[in-house]
Amino acid sequence: MRNDRRMKGPRVNNRKVIRKIALKTVKANHRKSMVVIAAIALCTFMFTALFTIGGSIVSKFQESTARQSGGTSDASIKNLTEDEYNRIAADSKLKEVSERIYVGNVVNQEHLKLYTEANYCDETSAKKGFCYPEVGYLPVKEDEIAVSSLILQAFCMDARNTSEYELLIGSILPLQIETGKGIIKKEFRISGIYTGDRISMAQMVLVSKTFQDKYSPTPTVSFYEDGFMGTVDDLYGRICADIDFYSPFDVSGQTYKTVVRNGLPDNTEIGVNWASSVGTMDLTTVLLMITMLATFFVSGYLIISNVYRINIYTDIRSYGLLKTVGTSSRQLRNIVKWQSVYHAVPGIIMGVIGGLIVGSLLLPLVMRQLVFSETTDNKAVINVWVLAFSILFSYITVRLSVRKAVRLASKVTPIEALRYTENVSACKTKKHNGKFTPVSFALRNVFREKKRCFYVVLSLALSLVVLNSVYTMIIGFDESKYISNYVKTDFSVADAITDNLGATGQTYDGVTDSFISELKKQDGILDIGNIYAEQYCYQELGDRDFARFKERLLDNENVDTWMRDGASYAAGDGEIEYLNESTGTVAKVYGMDDYAVRNLDFVQGKYDADKFKTGKYIIVNEYNNGGDKESSLVPYFLPGETIAVNNNAGETREYEVLATVSIPFSMRIQYYTDMDVNYVLPSEEFLDFFGDRTPMRTLVDTTDEAEPVIEKWMADYTSNAEPSLKYSSRAVYRKEFDGLIGMFKVVGGLLTSVLALIGILNLINTLVTSVLSRRLELAMLEAVGMTKRIQRTSICFEGIVYGGLALIFGMILSSVFSVLLVKSIGMEMWFYTYRFSLMPIMIVTPVILMVAMIIPVVIYSRTMKETVVERLRLADA
């Protein structure tokens with residue numbers, strides 16, 4: 001061992017020399033260096049664009065979700081007394097606790113379309129709740145309030161920016177606030193203004209502590225006394241403790257432990273901020289992210305690895321000469337590694353800049369399709385983690401890509417370097433007795449190095465997989481499903497707060513007779529269908545009906561009854577009773593005109609309009625046990641069975657079930673109770689049985705020509721004539737759907753283009769490598785009689801073989817991805833209908849084959865300009 005060390009000589013600190021040689025070789029071969037830098041920049045560009053868009057969306061989603069949920073606190077413990085709050089506030093295991101007290105609701109006519117709460121908030125709570133005044137201060141006196149810009153706009157005040165806010169400070173605002181002591185009508189002085197968010201579940205009017213103590217004092221009796229929750233009227237003055245934890249993990253579990261630790265009842269109501277949840281991504285999303293990262297990584301690896309191999313092949317004589325003058329294999333490895341560093345630095349910088357720019361430009365396009373985009377800006381969120389991950393992934397890709405080139409350079413001997421031909425082995429050569437043809441010669445060269453062939457084919461196939469996946473996603477988007485979730489017909493009109501689940505006291509008879517009268521005067525109306533509703537009707541199921549109900553749902557182990565468990569209702573004597581201890585159920589009952597009934601989704605039985613109009617028949621929905629397929633529906637009652645229905649006055653009538661249906665969400669009362677039983681009667685029978693009223697919702701069908709005219713009339717009428725009404729239309733959601741498709745086309749098209757460019761560059765690099773490394777071989781074959789035409793044809797066939805294999809593997813991989821990944825992702829969207837297709841690959845097949853034929857011809861012509869004699873001299877050089 002000691003003799004070997006002496007032979008190697010003393011260790012010399014030649015790191016500076018190695019770095020200097022590496023830098024000089026990079027500068028000397030500036031054209032090749034630019035190709036390497038461009039390849040690294042392209043790889044970094046993909047990573048940076050992905051992280052920029054993905055990171056920005058996550059950040060915007062968390063911000064928007066926090067605004068929608070009402071604050072940035074991790075969780076809240078609700079409806080507390082002052083003593084209970086003080087216990088929470090003194091808990092040393094909590095990072096921060098802030099106080100928010102419910103005072104009441106603003107019930108001005110101007111706020112019918114804008115659900116508004118009155119609350120007292122301390123400074124911390126106001127800041128975390130996005131309602132701390134941007135101009136002015138928090139209220140101190142009884143007649144002072146801080147309000148949002150949207151509230152002021154509802155009163156027709158100019159409040160669009162801070163300059164206008166300042167002009168409104170000190171102005172008088174008349175409000176009607178429903179408090180614990182009734183409706184208080186008072187003129188308030190504006191002390192502060194903040195910018196409101198439309199996505200927020202409620203706008204806030206902040207009142208002073210003095211006002212809260214006077215009109216909604218905090219009760220001293222616990223809301224959860226004796227294990228029972230209080231009523232709605234007992235909410236006034238209750239304190240909500242907004243809490244933050246030191247750890248963002250398992251917020252729900254930490255909140256429950258806080259309740260127990262501070263001696264609060266087990267049924268204490270808690271709320272977990274959606275934006276604070278960590279680790280809640282579903283498996284499909286995780287797989288999609290991993291797949292995209294893997295795709296980018298493999299693509300970057302393939303192109304960078306191929307480029308470095310070309311550099312090694314072209315510089316092989318230089319490495320041989322360095323070996324001749326005493327350079328060790330380890331030193332050669334370090335030279336190539338330092339070359340990769342000098343290439344990586346400018347390449348990564350260029351890629352990061354390009355990725356940030358393109359990611360920032362694409363972000364608004366992507367954001368427009370997200371439901372939270374209306375309350376947040378479209379500016380990219382650039383933070384250190386985006387840059388760090390982009391640089392890290394790119395550098396790892398470069399280091400892994402250069403490994404093979406490093407090994408190749410370090411193993412070469414001076415003699416081999418002078419006479420190097422790709423993949424020539426000292427092993428005994430197999431004899432080929434078959435007839436020589438350009439095709440056989442091309443196949444032999446393609447499969448001479450199977451690993452290289454695999455990488456080139458994979459690189460080209462990846463772009464085909466992405467192209468086909470994007471196309472499969474786009475053709476699966478179902479416009480009718482998307483629109484019908486929001487509006488089933490051309491137009492739907494209801495009271496402004498009917499579908500506002502954040503509001504209290506929803507109106508389910510808000511469509512006025514005057515509106516219907518004016519609607520009928522409009523030209524182009526094909527049909528009108530009114531929907532009447534009884535939102536809450538406890539049904540006393542008799543022995544016959546309850547036996548069916550119990551057998552099909554309550555005793556069915558495959559049916560989840562979570563909504564019924566713990567649900568309660570007010571009995572006739574005013575006492576609160578629990579549904580799981582009763583033989584009844586809470587039902588919603590509708591009266592529908594013929595046009596409305598025809599828009600229901602029938603499951604079992606057939607709709608007979610004449611029979612239904614007699615008033616002897618009823619339509620019943622089916623229980624949705626989770627999912628959007630008919631297989632997830634469970635019937636309460638079946639067609640042909642007779643059931644008893646009672647109204648809230650105690651009168652009972654019997655009806656025969658005509659059919660079972662699924663009621664579209666856009667047509668129903670948009671919340672669920674108990675087992676979500678819904679009955680549908682003809683309008684005349686409903687009004688006779690449940691009492692006269694105006695419709696909850698009116699559906700309108702128009703001609704295509706009249707649709708834009710009616711749209712304009714609806715917008716004007718609901719804004720000016722009856723602002724308490726709100727309408728929805730197909731045109732609005734059709735525009736949203738077109739935007740969604742456009743986003744997938746642009747982003748998917750860009751991704752496909754980048755990957756296709758990488759695949760084509762890999763093909764070019766491979767063919768260039770093949771020709772350069774076999775120049776001596778091709779020169780010798782030409783010297784013994786092979787013409788340039790045969791060589792050109794052979795190399796052309798090499799390109800065709802690569803293209804053909806890429807198409808075959810592209811189809812196979814696209815099929816696998818389509819069935820396993822694209823289908824899974826698509827089925828997560830309720831408006832998606834999966835359709836298998838390989839049409840994009842069929843369309844681009846001639847293009848790929850044409851490119852695969854042209855590229856080899858161009859490469860051969862440019863690299864074989866020397867004469868046979870000049871190329872043969874390489875052997876004696």
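Glu142 is partly exposed, at 21% relative accessibility; partly exposed is the range between buried, under 20% relative accessible area, and exposed, over 50%, with a 1.4 Å probe and protein chains only. Before I go on, this is a predicted model, where local features need pLDDT of at least 70, side-chain atom pairs count only at pLDDT 80 or more, and totals for chains, interfaces and linings use all residues. Residues are numbered from 1 along each chain as its sequence is written, and side-chain values use heavy atoms, with hydrogens and water left out.

Back to Glu142. Which residue does Glu142 form a salt bridge with? The partner is Lys214, and the closest N and O atoms are 3.3 Å apart. A salt bridge here is a side-chain nitrogen of Lys or Arg within 4 Å of a carboxyl oxygen of Asp or Glu. This pair links distant parts of the chain: Glu142 sits in the loop between strand E4 (135-136) and strand E5 (144-148), Lys214 sits in helix H8 (residues 209-215), and the two are 72 residues apart. Helices (H or I, at least four residues) and strands (E, at least two) are DSSP runs, numbered from the N terminus. Lys214 is also partly exposed, with a relative accessible area of 39%.

Helix H8 has another pair to show. Asp213 forms a salt bridge with Lys209, with 3.6 Å between the closest N and O atoms. These residues are four apart in the helix, so about one helical turn separates them. Asp213 is partly exposed at 41%, and Lys209 is partly exposed at 31%. Elsewhere, salt bridges that share partners join Arg544, Asp545, Arg548, Arg552, Glu641 and Glu654 into one network. By the rule I gave, the count for the structure is 29 salt bridges.

Now strand E2, residues 96-106. Is this strand largely enclosed or exposed? Nine of its 11 residues are buried, so the rest of the structure largely encloses E2.

What does E2 pair with? Two strands pair if DSSP finds at least two bridges between them. Six bridges join E2 to strand E9 (residues 239-244), and the two run antiparallel. Within that pairing, Glu99 has Ala241 as its bridge partner. Five bridges join E2 to strand E3 (residues 116-121), again antiparallel, and there Ile101 is partnered by Tyr120. With strand E6 (residues 172-179), E2 pairs in the antiparallel sense over two bridges; Asn105 stands opposite Glu178.

Arg100 and Asp242 meet in a salt bridge at 3.0 Å, N to O. Arg100 lies in E2 and Asp242 in E9, so the pair ties together parts that are 142 residues apart in sequence. Arg100 is partly exposed at 24%, whereas Asp242 is buried at 9%.

Ser492 is buried, at 6% relative accessibility. Leaving out residues up to four places away in sequence, Ser492 touches Val487, Arg697, Thr698, Leu699, Lys726, Tyr727 and Ser728; contact means heavy atoms within 4.5 Å.
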